[in-house]
Amino acid sequence: MSEPTENDIEWWDDFYPEGWRDIVHRLYASIEAVSPGHKILQIKEKFGGLRYYVAVDNYADVEALIRDAEAESFMTCEDCGQPCTVTENGWISTLCDEHNPMKDKHYD
Ligand SMILES: [Zn+2]
């Protein structure tokens, strides 16, 4: 058993919300299928959505895959992976009703 490295998807699991793990791991597999051994530059959450940065020989091959996964993240709770919508309450979060801390708060 060797330790995961930056080229293993598991190495990145701590860098993005847990609820998106399925999306990210599926995206990784899809990119591997067209660009084996692709180099991950960064995976993170930004403005309520997933960002997945890669270095591949031909970005056009993977652009649609990444765009689809990023679009899916905007509809997926970043805590639990349930379907949801982005809420904007001063900050943007992609959380289902159960995990949205702002849900029951009211402001004048
Ligand atoms: Zn949730």
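Asp13 lies in the segment that precedes helix H1, helices being DSSP runs of H or I of at least four residues and strands runs of E of at least two, both numbered from the N terminus. The model is a predicted one, in which local features need pLDDT of at least 70 and side-chain atom pairs count only at pLDDT 80 or more, while totals for chains, interfaces and linings use all residues. Residues are numbered from 1 along each chain as its sequence is written. Asp13 is partly exposed because 14 other C-beta atoms lie within 10 Å; a residue with 20 or more such neighbours counts as buried, one with 12 or fewer as exposed, and one in between as partly exposed, with C-beta atoms placed from the backbone. A distance of 9.7 Å separates the C-alpha atom of Asp13 from that of Lys44, 31 residues away along the chain.

Lys44 stands opposite Arg51 in strand E2. Strands E1 (residues 39-46) and E2 (residues 49-55) run antiparallel and are joined by seven bridges, where pairing requires at least two DSSP bridges between two strands. The two strands form a hairpin with two residues between them. Phe47, in the turn, has a positive phi of about 50°.

The protein chain contains two helices and four strands, in the order α-β-β-α-β-β along the sequence. Helix H1 (residues 21-34) packs with helix H2 (residues 59-73) at an angle of about 170°, the axes being 10 Å apart. H1 is therefore roughly antiparallel to H2. Axes are lines fitted to C-alpha atoms, for helices over the stretch in contact, and angles between N-to-C directions run from 0 to 180 degrees; those under 35 degrees count as roughly parallel, over 145 as roughly antiparallel, 65 to 115 as roughly perpendicular and the rest as oblique. On the H1 side the contact involves Ile23, Leu27, Ser30, Ile31 and Val34, which meet Asp61, Val62, Leu65, Ile66, Ala69, Glu72 and Ser73 in H2. Eight residues of this contact are nonpolar, two polar and two charged (nonpolar: Ala, Val, Leu, Ile, Met, Phe, Trp, Tyr, Cys and Pro; charged: Asp, Glu, Lys and Arg; polar: the others, Gly among them).

Of the 108 residues of the protein chain, 22% are buried. Among contacts with a separation of 6 or more, 44% link residues 24 or more positions apart, a contact being a pair of C-beta atoms, placed from the backbone, within 7 Å. The mean pLDDT (the predictor's confidence in each residue, from 0 to 100) is 89, and 89% of the residues score at least 70. Confidence is highest in H1, at 97, and lowest in strand E3 (residues 86-88), at a mean of 72.

Methods. Contact = placed C-beta atoms within 7 Å.
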